[in-house]
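Below are some comments on the structure under review. They are set out as numbered points, for reading beside the model.

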Amino acid sequence: MTTTLIPTRAPSGRSRTGRAGRGERLAFITPVFLLLLVGFVAPLALLIPQSFTDASGFTLGAYERFFTRSIYLEVIGNTARIAGLTALFSILAGYPLALWISRLGSRGRIIAIVAVVLPFWVSILVRTYSWTVLLGKEGVINSALLKLGLITEPLSLLYTDVGVLIGTVNLLAPFLILPLIATMSGIDPRLGQAARSLGASPTQAFWRVFFPQTVPTLVATSFLVFVLGFGFYITPAILGGGRVQMLPTVLSGLINTSPDWALAAAISIVLLVGAGLIGLLAKLVTRRTK
């Protein structure tokens, strides 16, 4: 009688390692998941039903008021306009600055990056109030322009769209500048040298070789600045002085001044959905530009 012995396979160390690795990843993810659940998902779950209810029960009245009253449509347009201009001027001021910083030596680059990051160490509230000193009719800017004879009377910069725009660009431009510096610093300078050796001028080498490699980062950060500007509150509230109406300031008034929780919840949902759609559009455009 012949007996066939079938060898038994010992448990694979790799499988045990895989299970241990998944357990470690789960242990790291769980606190973040719980934080998001408690801090974001749970309040949102309470906010959405509130936007559809009033004293009489279920209703779409809050959304109907928001989308049919001209004042709210004007606020949406004004918010989008200021957010768009913030992104535009951040590009116009931030791209050349990022390009200049990326071409500095290592020591100069570090100093320049620290100068860009340094304002983040100061509260947004303090930085915004400092602009009231600069932009006021008797502020530093108007005083300097009057002394130089460039103007005959003080400019109205504070409590206007211009003042809000200046403040938001100052606060949000670093979100565009810093990623651009990282992208530009990682581009091999030999690519431009190769283009010039093949007969391209410095301008052609920049626009056809260097610039296209920065476009995905530029597009993504521009959308980021737009989204942040769309939901910005502190700067429009202080530098706008209640005269520049944006969705966050209107939302604050509905909560603190004339309590209308249903309409406030509806505006919050619109802001959230709008930010999500803009983020999705940014992702699609960034994919196309790569």
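The points cover the annotated spans and then the salt bridges.

1. The model is predicted, and the comments should be read with that in mind.

2. The transmembrane annotation comes from an unreviewed UniProt entry. That entry places transmembrane regions at residues 26–48, 82–101, 110–129, 162–182, 218–241 and 261–282.

3. Two of these spans can be set against the model. Residues 162–182 are 95% helix and 0% strand, with 30 Å between the end C-alpha atoms. Residues 110–129 are 70% helix, again with 0% strand, and the end C-alpha atoms of that span are 28 Å apart.

4. How many salt bridges does a search of the whole structure find? The search returns two.

5. One of them pairs the side chains of Arg81 and Asp161, at 2.6 Å from N to O. Arg81 belongs to helix α3 (residues 70–102) and Asp161 to helix α7 (residues 161–172), so this contact ties together parts that are 80 residues apart in sequence. Arg81 is partly exposed, at 38% relative accessible area. Asp161 is partly exposed as well, with a value of 27%.

6. The side chains of Arg190 and Asp188 also form a salt bridge, with an N to O distance of 2.8 Å. Is Arg190 buried or exposed? Arg190 has a relative accessible area of 58% and is therefore exposed, the cut-off for that class being over 50%. Asp188, at 29% relative accessibility, counts as partly exposed.

Definitions and conventions: Residues are numbered from 1 along each chain as its sequence is written. Side-chain values use heavy atoms; hydrogens and water are left out. UniProt positions are given in the numbering used here, feature names are shortened, and annotations may be inferred rather than shown by experiment. Helices (H or I, at least four residues) and strands (E, at least two) are DSSP runs, numbered from the N terminus. A salt bridge is a side-chain nitrogen of Lys or Arg within 4 Å of a carboxyl oxygen of Asp or Glu. Buried means under 20% relative accessible area, exposed over 50%, partly exposed in between (1.4 Å probe, protein chains only).
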